[in-house]
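This report walks through the fold element by element, beginning with a strand pairing and ending with a few individual residues. Please keep the sequence and the structure in view while reading.

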Amino acid sequence: MEYVDGPLLVDEFRYARYISSLKKFRTLKEHYYNAGVWLRHFQEFTGLREAGTEALELILERCEEKLKLIEEAGNSQIPRNLSSSVMNYLDEQISLLSVEKIKVAGRHGDFGSWNIVVGPDRVTVLDFLGYHEDPLPVDLLKMLMNFEDERKYLAYSPNRVKNLKASFLEGYGPLPFVQRPLAVICETLHR
């Protein structure tokens, strides 16, 4: 293991604000482009393969854990049957995939700007403690949903966030084909 100098990408996100430096924003776009390149390379390096619906078991477990935490919060606005409703819905999506092959690759586990150190012409991704093989869209959707969340903050320019997302996707390259039920399952995990 070696020391990597540089700021976290999440700290550089301040340049997505309305009145921040355009020069620094262009550098931020380059960092997100490089993060997209890194993710594509990581998935290819760890090996793309096809699997059956058994590849979804960890996602379902994580969804169940998160739903349990939501229910335990005891918020009266949360329906009592939320967990069973969501899990039944996910089971329906899995049944739609029962004869399909699912593309899987290495998954970082917590891929996002909070685990990326940036420097000139490079990104270094940290914290692989959650590494596992998972469906291809898991890490990709985590980053895309983070952009969606950031667009809601009043200080950030929605147009700049949109440009950062476009840079990330440009770096990632062509999006792989993903069956709709698989995308729904992976998105549910992150929501």
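In this predicted model, G106 has E133 of strand β5 as its bridge partner. The pairing belongs to a set of four bridges that join β2 to β5, and these two strands run antiparallel. On the other pairing of β2, three bridges link β1 and β2, again in the antiparallel sense, and here R49 stands opposite V104 of β2. Taken together, the three strands form an open sheet with the order β1-β2-β5 and antiparallel pairing. Because β1 (49-51) and β5 (132-135) each have a single partner strand, they stand at the edges, and one side of each is left without a neighbour in the sheet. Neighbouring strands of this sheet are turned against each other by 50 degrees on average, with direction ignored. As for β2, five of its six residues are buried, so that the strand is mostly covered.

Is R107 buried or exposed? With a relative accessibility of 8%, R107 counts as buried, since the cut-off for that class is under 20%. A polar atom of the R107 side chain lies 3.2 Å from the backbone oxygen of G130. Leaving aside neighbours within four places in sequence, R107 is in contact with F42, R62, G130, Y131, H132, D134, V138 and D139.

Helix α2 covers residues 22-46, and its length can be checked against a simple expectation. At 1.5 Å a residue, its 25 residues should span 36 Å, and the C-alpha atoms at its ends are 36 Å apart, which agrees. At the start of α2, a side-chain oxygen of S21 comes to within 3.3 Å of the backbone nitrogen of K23, while just after the helix G47 takes a positive phi of about 100 degrees. The buried residues of α2 are F25, L28, H31, Y32, A35, G36, W38, L39, R40, F42 and Q43. These buried residues pack against α1 (9-12), β2 (102-107), β3 (116-119), β4 (122-125), α5 (137-150) and α6 (158-172).

Y32 touches L9, F13, S113, M143, F147, L164, S167 and F168, not counting residues up to four places away in sequence.

Helix α7 (residues 180-190) has P181, L182, V184, I185, C186 and L189 as its buried residues. What covers them includes α3 (57-72), α4 (82-96), β2, β5 and α5. Within α7, I185 is buried with a relative accessible area of 0%. Which residues does I185 contact, leaving aside its neighbours within four places in sequence? They are L56, I59, L90, Q93, I94 and L97. The pair I185 and C63 illustrates how the chain folds back, for these residues are 122 residues apart in sequence and 9.2 Å apart in space, C-alpha to C-alpha.

S157 lies in the loop between α5 and α6, and with a relative accessible area of 8% S157 is buried. Not counting residues up to four places away in sequence, S157 touches A16, R17 and Y18.

| Residue | Relative accessible area | Class |
|---|---|---|
| R107 | 8% | buried |
| S157 | 8% | buried |
| I185 | 0% | buried |

Terms used. Residues are numbered from 1 along each chain as its sequence is written. This is a predicted model: local features need pLDDT of at least 70, side-chain atom pairs count only at pLDDT 80 or more; totals for chains, interfaces and linings use all residues. Side-chain values use heavy atoms; hydrogens and water are left out. The expected span of a helix is 1.5 Å times one less than its number of residues. Buried means under 20% relative accessible area, exposed over 50%, partly exposed in between (1.4 Å probe, protein chains only). Contact means heavy atoms within 4.5 Å. A polar contact is a pair of N or O atoms within 3.5 Å; within protein, one must be able to donate a hydrogen and the other to accept it, and residues adjacent in sequence count only if both atoms are side-chain atoms. Two strands pair if DSSP finds at least two bridges between them. Axes are lines fitted to C-alpha atoms, for helices over the stretch in contact, and angles run from 0 to 180 degrees between N-to-C directions.
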